[in-house]
Every structure is written in structure tokens, then in C-alpha cells.
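Please keep the sequence and the structure at hand while reading.

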Amino acid sequence: MMHADCFRIRQADGSYAWMRFDAVEIHLDHHSSMLLCVQPLVIETRPGARDCLKAIADAYGLVESPELSDKTRCDAVLWRSFAAYDRAGLFWKDREQRFLGANEAFLDFFGFHDEAEIVGKTDHELGLHIVDPAVRLAGEKLLRDGQPQYHQFGECIARGSSHAIYSDRYPIYREGKLVGLIGRFRELGHELDEYRDVVMDKETGFTNYRGMLMVGIEFMDNYLQHGEDFTAVYLCVPAIEAAVRAYGETFRQELLHRLAEELRQAVVPGSVIAHIGSGRFVCFHKLIHERNLRDRLLRFSNAVHGIREIGGCPCTLYMQYAIGYGSETKNIEGLLRLLVERADDARKDKLGESIYIGDRIAFDREKFDHMNERIYMCDPETYDLIYINQAIYRDFHLPDDFSCAGKKYYEVIVGGKEPCEFCTNHLLRRDSFYTWTYHNAISGFDYLLRDTLVPWRGKNYRFSMSINLNEYVNRDIKGNELLYREASINDALSIAMREEDSSQGIQKMLWKIGSELDADRISIFECDAVGRFVNNTYEWCRNGIEPMKEKMQHVPLVPCYLYEMFRAQHVVKIADYEKFQSEHPAFEHYLPDIRRFIAAPLKISDKIIGHIQIVNPKEKLFQASGYLMMTLSRFIAIMIRNRDAARELERMSLYDQMTGLLNRRGLSNYFNNLPKGISCAFVFGDVNGLKRMNDVHGHEAGDELIKTVASIMLQAQRNAGEGNVFRMGGDEFLMIVENIDAQQNEAIVQSMRDAFCTNGVSVALGCLVCMTPIPDMDAIITKVDREMYKDKGKMKR
């Protein structure tokens with residue numbers, strides 16, 4: 001017996017197809033079985049099947065019924081109403097998971113103006129998630145098996161913040177084929193209120209410092225796991241604190257609200273913004289959304305400077321920023337440390353404090369026309385030449401009737417047919433100069449260039465000012481064979497400036513100068529704090545010459561008369577040292593085998609801080625080396641000052657200025673140096689009621705509360721033994737005590753609770769004891785932070 005029928009069956013890819021089923025009863029050895037045969041319906045496999053089916057339907061009078069047409073129209077009306085009025089975000093995508101459309105709720109939630117901004121793009125291209133693979137894989141699964149997905153938890157980035165959402169997704173079928181998906185999502189409601197209180201900044205709507213760390217760790221984890229690099233931008237409005245002191249709390253709140261709105265408009269798509277206090281912000285976004293970042297930063301900088309008054313209170317503000325990338329460091333701690341270092345450099349150089357003059361360049365053109373320095377301006381995007389001064393006319397032998405109109409910078413200045421491969425346009429910014437050296441093949445001259453961007457006619461233009469080094473050198477040394485032959489002094493300075501570490505830069509510069517002068521030794525001596533002794537801090541020796549640096553420490557200035565000679569002459573040149581000693585028997589020198597030497601003082605603000613001396617330079621170069629020593633001594637003094645400033649900034653960057661405790665960066669250094677194999681107690685403290693104290697009694701009272709807590713925790717740590725206390729930021733502290741067990745730690749915590757109670761302060765504490773080495777500092781802090789929140793919960797009950 002045989003049975004046959006046709007069924008519409010869902011395929012492996014989620015689509016549907018008509019299949020023919022034939023069942024045949026088979027009798028074997030007194031047993032009956034069924035043989036089931038399945039094959040596509042013939043009509044499904046034939047070309048022109050749809051036209052054939054329509055012809056058959058027409059022949060039998062099977063036409064579309066009015067009821068079906070009305071139902072279709074009704075469905076369309078219902079869908080339009082649902083999409084328009086549903087408060088949840090609705091979206092629909094094709095099989096490649098590119099957006100086909102979305103409702104108003106979706107566009108409003110993410111801050112898009114219309115569908116055109118999203119159509120044809122993926123979540124990844126729009127920057128809607130920190131971790132894209134999970135979203136992409138979920139979509140691929142639905143499009144593969146056609147199964148709806150309900151109540152899926154996830155996170156997305158919208159309007160500068162990370163949001164927790166749950167979503168439903170359903171397959172879309174057209175004519176039996178799975179052609180896409182439709183989704184619906186809503187943000188989690190009251191169940192996340194406590195979470196928002198912890199990670200959100202209520203004044204700006206951005207994440208706070210803690211939320212910034214959590215988001216940063218997510219970006220870093222995504223980079224480490226999936227290779228998606230990301231950008232971190234630190235933004236600071238330094239003048240806000242002084243303005244707040246002058247105008248009060250209402251001014252601060254209104255200004256902060258204004259800054260937050262301007263920043264929302266300026267950041268790149270897919271950014272997460274954190275407000276970490278006092279007008280300081282950190283933004284994270286993936287590297288694929290880096291386009292026009294600096295233009296957006298410039299837009300925000302202009303907007304900040306455009307704030308002239310708040311609530312009737314006049315103010316002048318400017319913005320500084322620093323940029324870092326996830327790929328530059330191994331963890332989020334390292335990246336934040338890098339941002340702080342670069343922000344310190346910007347603050348030290350006062351980047352961002354340039355005077356904004358609107359949409360014009362304010363300079364006296366006649367003054368620039370006749371300057372000895374070479375000046376030109378060009379469009380950094382099109383390379384159109386806008387302006388050149390007379391010095392460039394002379395260097396490049398341009399005719400008097402030469403016009404910049406229609407000329408490209410690289411054609412006139414470089415002599416090329418296309419932009420040069422060493423173009424520095426990407427390094428320029430409007431609030432600082434970029435300095436570099438360049439040999440021009442057309443003029444044959446070496447130039448020291450200082451380039452920047454200036455605003456004109458609604459966009460940025462490259463402004464370049466350069467010095468002809470050949471002319472500068474020849475004027476002063478008049479053809480002598482000193483190392484100026486090929487602007488070697490400039491090479492030496494460039495070598496030094498390229499080094500981030502000033503000490504390494506000085507050492508390399510000594511090597512360059514010593515080699516060019518064919519000297520035996522170059523030494524730098526620095527005075528001690530009292531001014532009675534000098535120490536040999538840097539030394540270069542030619543091969544075969546015995547180093548003397550270790551022996552030349554704590555050298556008394558008396559009876560050495562070198563510094564007395566510096567009072568009468570800037571550079572001391574002794575051509576015949578043996579003769580000089582016979583004429584000045586009281587003069588004592590500590591370096592051996594001297595035939596001739598040159599020395600010059602190192603001065604900062606007319607105060608001698610040490611000296612540099614060159615021993616036995618090449619005889620024919622000796623007489624012409626005075627200018628060299630004057631230049632080097634000034635430059636080295638500046639580098640030593642910068643070195644000392646960097647060391648002081650490094651020291652200051654490890655400490656919290658209010659409490660004197662080590663800060664989070666100091667914690668990182670301390671943690672990395674913990675001895676192995678010891679038991680350490682970690683106690684995390686969070687001050688309760690700081691915001692209320694600031695609001696009711698003022699920020700000075702709040703500062704005193706912070707100092708009191710710091711003092712109590714520091715005293716408890718010192719009483720317990722080796723360790724330290726760190727201010728983690730805001731109202732959070734971490735205490736580490738070495739060589740201590742859990743029982744001893746309980747006693748320390750109890751002593752702190754008693755001290756807090758005596759001083760009328762409330763602090764939630766969480767503690768943890770573990771053995772070193774500890775591979776992940778962030779994991780320990782997270783655990784002890786959770787313990788603190790348990791304690792905070794008990795206090796509320």
C-alpha cells in the first residue's frame with residue numbers, strides 16, 4: 001500500500017519549501033515496515049514555477065479574495081500604528097544584519113535624527129555596543145535556525161553612556177524565505193536604580209569615575225579578546241574651579257550642564273563619556289569611529305571658549321585634552337596613567353590657552369612680508385597655497401609677479417607632483433606648534449620649522465614659520481669647520497629633543513658633540529642644594545679613555561676657581577692647560593690628562609646650577625667652539641630643568657594633593673613592588689554622606705571630612721605595621737597592610753570603626769586577606785569593593 005501527500009517544510013536556513021512525501025508499506029520476514037521517500041515538489045524546481053501556478057489559479061477562477069486584501073491593508077495600518085506609538089525601540093534588518101529601518105523611539109534613544117543615518121549600516125559601524133561579537137552571533141543564530149529570541153539581556157551605547165537593555169528578536173519571512181529579522185528592546189527600569197546610583201553621574205547624565213573604570217575595562221577586554229583597538233580622550237576645563245570659587249554652586253551646576261550638552265554634540269559616534277569631577281571628562285570609543293576626531297575636539301574647544309557668561313556671571317574658559325589608545329598599554333590602568341602624563345605635559349606647556357579670535361587670522365601682513373623667517377600658509381586638505389612671504393620668494397627664486405592662486409604647496413615648496421610622504425599635516429593642532437627640521441632640495445637649505453593650524457574662513461589652515469639654519473649658522477661662525485658643516489648642532493639638539501627622557505637626550509647629545517669635536521671627554525657637573533659641591537652627573541668618553549664619573553662626586557668648589565672665572569667670562573677656554581697651571585698654581589682641576597679644555601656655566605634665571613666642559617677637543621676646532629658652548633650650555637640647562645620638573649611631576653602624580661596619601665597611580669607602583677609570599681590585608685573604605693556634607697555645609701566641610709577619614713586610616717595602618725593608604729578618588733580609600741592574618745585584620749578594622757565613631761564620621765568598610773603574588777590588582781579591588789557594599793547595605797538597614 002502506498003500513501004502520498006505534500007507538505008510545506010521549514011528548511012535548515014529557516015526558509016520554507018513544498019516537499020512531496022511518499023510512504024510505502026513493505027513486508028519482510030513477516031514484519032511490516034514503512035519506507036518514507038521525501039523529494040522537492042516538482043513545481044518548486046521548475047523555472048517559471050510562479051507564472052505557471054498563477055496561470056493554473058486563473059484557469060480555475062482562484063483569484064485574490066477581497067477579504068484577504070482587506071486583511072493585508074488592516075495589517076499594514078496596525079503595524080504603522082504600533083511602530084509609531086510603541087515606546088520600545090523597534091528595528092528591522094536584512095540577512096547581513098544591516099539596518100533597513102527603525103521607529104522614532106529607537107532613533108530618539110540613540111540620538112539619531114532620521115533613518116538615513118542608520119540604513120545600510122551595522123551595529124558595529126554605528127558603534128552601538130562595546131562588545132559587538134555577542135550581538136552579531138545572536139543575530140546569525142536567529143537567521144540560521146529561524147527561532148525567535150526572547151528577553152535577551154545586553155548593553156548598548158547611547159548618547160554618551162552605556163545602557164542595560166533587554167530585547168526580543170523575531171525572524172522575517174517573505175514568500176517562504178527568511179529574509180531578515182525584526183527586534184524590539186527597552187531599557188531596564190527600577191531594577192537597575194541602585195546600579196545607576198553607583199555608576200552614573202547625576203549632574204551630567206554621564207557615567208562617573210567608577211563607571212568609567214568599568215567601561216574602560218570592557219573596552220580593554222574587547223580589544224584583548226577581539227583585537228578591536230579603541231581611543232581614550234581626556235578632556236579638562238582647568239579654569240572651572242577658580243570660576244566656581246568666585247561665583248558659587250549654582251554657577252557650577254549651570255556650567256557643568258552646559259559643558260555636558262556641548263560635549264554630547266561634539267563626541268564621535270559610539271562614544272561613552274564619563275564625568276570624573278571638576279569639569280574633567282574621559283571618553284572612550286572604538287578606533288573605527290576615529291574619523292574627524294580632532295575636528296570634533298576643536299569644535300568642543302571652540303564651544304567651551306564661546307561660553308562668555310553663565311547666569312550673568314562673566315567667564316573665560318579653555319579646554320585641554322590628551323589622547324591615548326588601548327594598543328599603547330596592557331591594561332586600563334596603564335592607559336589612564338598615560339592620559340594623565342600627557343595631560344600633565346599639555347598643562348605644563350599651557351596647550352589650549354591660545355587666544356581664539358573667531359573666523360579670521362589676526363596678524364599684520366606687512367610685518368610677516370618682511371620677516372627674515374620663512375612664512376607660508378596652505379589648506380591642509382587640498383594643499384592649495386594661500387600665502388608666502390618675501391623670504392620664501394628669495395629662497396626659491398620666485399619671480400616678482402608670482403601668484404599663489406591655483407598653486408599647490410608641494411609644487412612650489414617641495415617641487416613634487418603630489419603630497420610628500422613625510423607630510424606633517426596629521427600632527428598639527430590649533431593650540432600648539434609642531435617643531436621639526438627639513439632639508440629642502442630646491443633651495444638647498446636646512447630649515448627649522450614650527451607649524452600649527454589657524455582658523456580662517458570657517459576651517460583650519462596650516463601656518464608654517466621656518467628658519468634657514470644655513471644662513472643662521474654662517475652668519476655666526478662664518479664658514480669655520482666646526483660641526484655646523486651640515487647643521488650638526490641642530491642634529492645634536494634634535495637627537496636630544498626626540499628622547500622622552502631628558503637624561504637619555506642629554507647623554508646622546510654629548511655623544512654627538514664629542515664625536516664631532518673629536519674630543520677625549522665631555523662632562524656635566526651639577527651643584528648640590530647648598531652650592532658648596534658639584535657632582536659629575538653625565539659623561540661621554542672616547543674609546544680608550546678611562547671614565548671618571550664615579551670618582552667625580554662631591555667635588556668641592558673651593559679651591560677650584562673655575563666658577564670665579566665664570567663671573568668674568570661666559571665661556572672659559574684654556575688652549576694650553578700646562579702653561580695655564582704654571583701661571584695659576586692655585587687652580588686645581590680633578591680630571592686627568594688635560595691638554596686643553598673649554599667650559600661654560602649652566603644657568604637658570606641667572607643662577608649657576610653647574611657647568612659643562614669639553615676636554616681635549618680637536619685643535620683646529622678649538623678656537624671656533626665658543627659659540628657652540630654658549631648654545632649647548634643654554635640648551636642643556638633647560639633640559640636639566642625639564643628633567644627636574646618631570647621628576648617632580650612624577651612624584652606629585654603619585655600623591656593626592658588634599659590628603660597627602662598615595663593616589664591610584666601610586667597604588668599601581670606600590671602593588672607591583674609587593675614582596676612575594678606574604679599575607680596582605682586589603683581594606684576598602686567609602687565615606688557615607690560626603691555629598692550631603694558638601695551640599696549643606698559647603699565643600700570646605702567636605703574636604704575636612706575626607707582629611708579626617710584619611711588621617712584615621714593612615715594612623716591605623718601605621719599602628720598595624722608595613723603598608724600604605726591610598727585615596728582611590730572622591731570618597732573612596734584603600735588600605736594595605738603587609739604580613740597580617742585575618743584575625744589581626746579584624747582587630748584593625750574594629751579599631752578604625754571605633755575611631756570613626758569617636759570622630760562622628762560614617763565609613764563603610766570591606767576587607768580581604770590574601771597571599772602575594774597577586775596577578776590582577778583590579779580583581780582584588782573589585783572583590784574588596786563588593787565587601788564594602790555589603791557593609792554599606794547593613795548600615796542602611
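## Helix 8 and its surroundings

Helix 8, which covers residues 209–226, has 18 residues and reaches 25 Å from its first C-alpha to its last, close to the 26 Å expected at 1.5 Å a residue. The model is a predicted one, and this applies to every value in the text. At the start of helix 8, the backbone nitrogen of Arg 210 has a side-chain oxygen of Asn 208 within 3.2 Å, while after the helix comes Gly 227, whose phi is positive, near 75°. The buried residues of the helix are Arg 210, Gly 211, Met 212, Leu 213, Val 215, Gly 216, Phe 219, Met 220 and Asn 222.

One of these, Met 212, has a relative accessible area of 2% and is therefore buried, the cut-off being under 20%. Leaving aside residues up to four places away in sequence, Met 212 touches Thr 207, Ala 274, Ile 276, Val 282, Phe 284 and Leu 336. Met 212 and Phe 281 are 69 residues apart in sequence, and their C-alpha atoms are 9.6 Å apart in space.

Four strands form an open sheet in the order 27-28-26-29, with antiparallel pairing. Strand 27 (723–729) and strand 29 (763–771) are the edge strands, each of which pairs on one side only. On average, and with direction ignored, neighbouring strands of this sheet are turned by 15° against each other. In general, strands of a sheet pair through backbone hydrogen bonds, in either a parallel or an antiparallel manner.

Within this sheet, strand 26 (residues 679–687) and strand 28 (residues 732–738) pair in the antiparallel sense over seven bridges, and Phe 682 has Ile 736 in strand 28 as its bridge partner. Helix 23 (residues 664–672) lies across strand 26, strand 27 and strand 28, and it runs at about 145° to strand 27.

## Backbone features in loops

| Residue | Phi | Loop |
|---|---|---|
| Asn 739 | about 55° | between strand 28 and helix 26 (742–758) |

Asn 739 counts as exposed because its relative accessibility of 56% is over 50%. A further backbone feature concerns the peptide bond from Thr 772 to Pro 773, which is cis, with omega near 5°; Pro 773 is found in the loop between strand 29 and helix 27 (777–796).

Beyond residues up to four places away in sequence, Ser 167 touches Gln 149, Tyr 150, His 151, Gln 152, Arg 184 and Phe 185.

With a disulfide taken as a pair of cysteine sulfur atoms within 2.5 Å, the count comes to zero. Cys 527, at 22% relative accessibility, counts as partly exposed, whereas Cys 541, at 19% relative accessibility, counts as buried.

Note on methods: Residues numbered from 1 in each chain as written. Predicted model: local features only at pLDDT ≥ 70, side-chain atom pairs only at ≥ 80, totals over all residues. Heavy atoms only, no water. Pairing = 2+ DSSP bridges. Helix = DSSP H or I, 4+ residues; strand = E, 2+ residues; numbered from the N terminus. Axes fitted to C-alpha atoms, helices over the stretch in contact; angles between N-to-C directions. Contact = heavy atoms within 4.5 Å. Expected span 1.5 Å × (residues − 1). Buried < 20%, exposed > 50% of the residue type's maximum accessible area, 1.4 Å probe, protein only. Polar contact = N/O pair within 3.5 Å; in protein donor to acceptor, adjacent residues only side chain to side chain.
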